[in-house]
Amino acid sequence: MTDRQHPEDRPSTFPWPPVLLIGFVVLGVALGAFVPLGWPAGMLGDLLTGLGLFLIIVALIVDVSAMRTMSAAKTTVLPHRKSDHLVMKGVFRFSRNPIYVANVMLIAGIGLFFGNWWLVLLAPVDGFATQKLAIEREEAHLEARFGKTYRDYKKSVNRWI
């Protein structure tokens, strides 16, 4: 945040979460190409691939559901824009940040599906970076905009899951 920006105006001036998602996928693919880590053969490898496909599907379902819920509430999906309404329905009953949970799941799922351990290892790094660069700022923004209603929501729903 800049000195002139107030948390109620917008959480950030840069859309960190999608940039981090793309950046970590690109980094993981590059690392996998240049420094591949072994992948289990046989049934274990097949199970991990299946788990990856499952994570990808669940992540996409969570993403679409969260975006539809936000759209229905007439608030922005863009992480660097001002929230017009506090969304507490749908997948937001289980996580205050379902899209970011889905991003972490998507990176891990892609890694498992394509046999790239680097992506699996980078998934929690994406989560940490997202929390520091986006979530903490978004929380300040939502508290400034919605006050006690947001604080009560924070008490009843976890940040991640």
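Tutor: Helices α1 and α4 are roughly antiparallel to each other (angles over 145 degrees count as roughly antiparallel, under 35 as roughly parallel, 65 to 115 as roughly perpendicular and the rest as oblique). This is a predicted model, in which local features need pLDDT of at least 70 and side-chain atom pairs count only at pLDDT 80 or more, while totals for chains, interfaces and linings use all residues. Residues are numbered from 1 along each chain as its sequence is written, and side-chain values use heavy atoms, with hydrogens and water left out.

The chain holds four helices and zero strands (DSSP runs numbered from the N terminus, helices being H or I of at least four residues and strands E of at least two), and its pattern along the sequence is α-α-α-α. Its C-alpha trace spans about 55 × 35 × 25 Å along the principal axes.

For the pair already named, α1 covers residues 16-34 and α4 residues 117-156, and they pack at an angle of about 160° with their axes 9 Å apart (axes are lines fitted to C-alpha atoms, for helices over the stretch in contact, and angles run from 0 to 180 degrees between N-to-C directions). The crossing of α1 past α4 is right-handed (the near helix is turned clockwise from the far one by less than a right angle; anticlockwise is left-handed). Among the residues in this contact are Trp-16, Leu-20 and Phe-24 of α1, together with Trp-118, Leu-122 and Arg-137 of α4 (contact means heavy atoms within 4.5 Å). By class, the contact of α1 with α4 has 16 nonpolar, three polar and two charged residues (Ala, Val, Leu, Ile, Met, Phe, Trp, Tyr, Cys and Pro are nonpolar, Asp, Glu, Lys and Arg charged, the others, Gly among them, polar).

Helix α1 also packs with α3, at an angle of about 5° and with axes 10 Å apart, so these two are roughly parallel. Here Pro-17, Leu-21, Phe-24 and Val-25 of α1 meet Tyr-100, Asn-103, Leu-106 and Ile-107 of α3, a contact of seven nonpolar, one polar and no charged residues.

Helix α3 (residues 98-114) has a further partner in α2 (residues 42-72): their axes come within 7 Å and cross at roughly 155°, which makes α2 roughly antiparallel to α3. That crossing is left-handed, and the contact has 20 nonpolar, four polar and one charged residues.

As for the space, the largest pocket holds about 510 Å³. Its lining comprises 33 residues, with Met-70, Val-77, Ile-99, Tyr-100 and Glu-138 nearest its centre; α1, α2, α3 and α4 each give two or more residues to that lining, and α4 gives the most, with six. The lining divides into 20 nonpolar, eight polar and five charged residues. A pocket is an open set of points on a 1 Å grid over the protein atoms alone where a 1.4 Å probe fits, with protein on both sides within 12 Å along at least five of seven lines, and lining residues have an atom within 4 Å of a point; points are joined across faces, edges and corners, and the volume is that filled by probe spheres set on them.
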